[in-house]
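Please look over the protein below before reading the notes that go with it.

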Amino acid sequence: MATDSHIGVQAGTVHNLNVYERDPRDSPETTFRKGVSFLKGRMPGPARRLINDAMVGYATNEVYFYWLLAMVSRRTRHELTKDETGRLRDRHATMQLRGEDPWREGVRIIDRLLESAGKAEDDIRVVVKDLDALREPQRSLILEHLELYLDGPIEDHLWHRALSQAKADQMAERREDRIWKFFHPLPARPLLREPQPPDTPATCWARAVISAVVLVAATANLGYLILQSGRALLLAAYVLGLAGASVGVRDTARWRHRVVRRRAKDREYRVRRTEIERVVVGHRTKKAPKRKTKVERGNFAKRAEHRINHYFAKYVPPGMDRDQWEAETEGIRRSLRDELTEVYGETRVGVEKVAWLIRHRAGKAATRRRKGTLWSYRRELATPLGTKVRATLGLLTLAGAGGWAAAGIVPVEPLPAIGTILLLLIAGWICARTWLRIVLERRRYAADRAESLSAYRGDLEALARWRARLEDKPDDEEMAAWLDCDRKVLLEEALRHYRLTMSGVIAHAFIEAPARGSERARLRGGPWRYKKYQLLVFLVTEEGVRQFTVTLDFLKGTFHDRQRLNYRFEAVASVSVKQSDDGGRDFQLALVNGNEISVEVNSGVEELQQGERPGAVSEVSLDAAGLPHTLHVLEAIAAEGKKWVDQRELRTGNLSAALDDPE
């Protein structure tokens, strides 16, 4: 039965830093520094190329130190090419050391360690003592990068020191508090949501202006007729009616604005009946299918909705049931989704870059619910009693006093009065409707604008807090260092389980693959780093291969789901790396009994940024995952079997002679 470890990986975050990008115009020193960054990122392949190129025009004790490390890092003697073996053999002629500094002392220690490989216990004590006395960072760098290259008694000495260092550094530099920040993209600046402009067509303005002119003319003519009649009471009633109209219309508009806006908010934040029933009944019910709007159909909207639901489920007010909270905030979440889609949906800003904003809004909603102000708009938009009283009294005054004045002038001037009153009523009706629409739209726009500005200011404050929190985000070198510590701790666990020593293991190898569905991030030009890894350790012993597989929670530095598999050399049928059309790489180890171990080391989804070369990200990711060394070991076993083990001493002796013999 095949063991299938294929995994799906989520879209990742790419940090726009140029630590790993090479420019042909770079100076030799800049090229060297980028090579060092690759080496510290556990990618010795590109590090060797860059440092070799830099040595042509830039040679210092530090350069020679890193050159030696890059030559031997993450590989055994058998993996060196003939040319590289010759360069190491002639290293004293290549390196022109100058002066005395910690880098030169580091070069001397590396040189002595290379010469001590395979020597007896007594012969290596002095160099080990000098290594212990070496300063940092030279000492730690040597322990990190000579792990595979050395063998014999010196290997055990270095391994114990490297393991002690790894255990001390595994959770150092506040790893658990900082590592999650690497997977967060640079937060996007919030955008101001522009409200819908007032909906007042030209025809509406035309009706409003014409009706207003006619209304003023008719009102003036009615006043002229009353004034001409000489009746003081009618004139007083006329003036009182005008005053009542002024107050009544003004406060009626205010009243209507509050009612309309409150209803609009209720519609925006309404909770569907099915949701209310689900909470009241106390169990989950199958939701009826709903017709999706254009906003809901967009990919951005779907991803935003997923994030919104995640954070609202995360920030539940204390003492409140999650189902009740989800039901109560259904309208708020829907409104937030539509807002984000409207503002960011047509931009190049991804949902991950506004996740901080979603988190801020979700937390703010939970806080308001806890304080009892989540639905405060209903109280704020409630019409004050004074406004209602003034509007009612004003309109009653207009109807009573104005109507009495109009009715009183009809007997005096029948035809002119009736015509004026009819014109006044018609124009007044049209004028009231059109101007009320215009006023409500302008007030709606002003309120929306004020609300949008208030939210924008709050978002800016939240952005400042979030950026301050991300200031100590770890760099890629720290991520690689933590992962290397995890590898060493896991290797020690495997050795302890199988009761092996480092020198008792013929060879060991790792594969670092992303766990299923793990989030990922990388620096521009660098390898992918994952929140969760599937780590495979292969220990080659005299009896066969010991395989140790775990899931690493990289955020916490803990191992889970341990699996062990043992097989003889003859049981290995084939080892290969299968490359799919999209660039994905699958490591495949087939056993003669039909079992197959298949691990997707690289998904092939590079998500290249502008200027990045296709395939470059896959190359450095595979190098960082340790695949070249693992393939070298397992392919040799698949090809030669036990014979490869039997001849290891002969090969090692020949390589040592090649390194020592100038001929």
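The notes cover a sheet and a selection of salt bridges.

This is a predicted model, in which local features need pLDDT of at least 70 and side-chain atom pairs count only at pLDDT 80 or more, while totals for chains, interfaces and linings use all residues. Residues are numbered from 1 along each chain as its sequence is written, and side-chain values use heavy atoms, with hydrogens and water left out.

**Sheet**

- Helices (H or I, at least four residues) and strands (E, at least two) are DSSP runs numbered from the N terminus, and two strands pair if DSSP finds at least two bridges between them.
- An open sheet with mixed pairing is built from three strands in the order 2-4-5.
- Its edges are strand 2 (13-15) and strand 5 (529-530), each pairing on one side only.
- Strand 2 runs parallel to strand 4 (residues 520-523), and three bridges join them.
- His15 is opposite Leu523 of strand 4.

**Salt bridges**

- A salt bridge is a side-chain nitrogen of Lys or Arg within 4 Å of a carboxyl oxygen of Asp or Glu, and 48 are counted by this rule.
- Arg91 and Glu115 form one, with their closest N and O atoms 3.8 Å apart.
- This pair connects helix 5 (residues 91-94) with helix 6 (residues 102-116), across 24 residues.
- A network of salt bridges links Arg42, Arg74, Glu144, Glu147, Asp484, Arg487, Lys488 and Glu512.

**Burial**

- Buried means under 20% relative accessible area, exposed over 50%, and partly exposed in between (1.4 Å probe, protein chains only).
- Arg91 is buried at 6%, whereas Glu115 is partly exposed at 37%.
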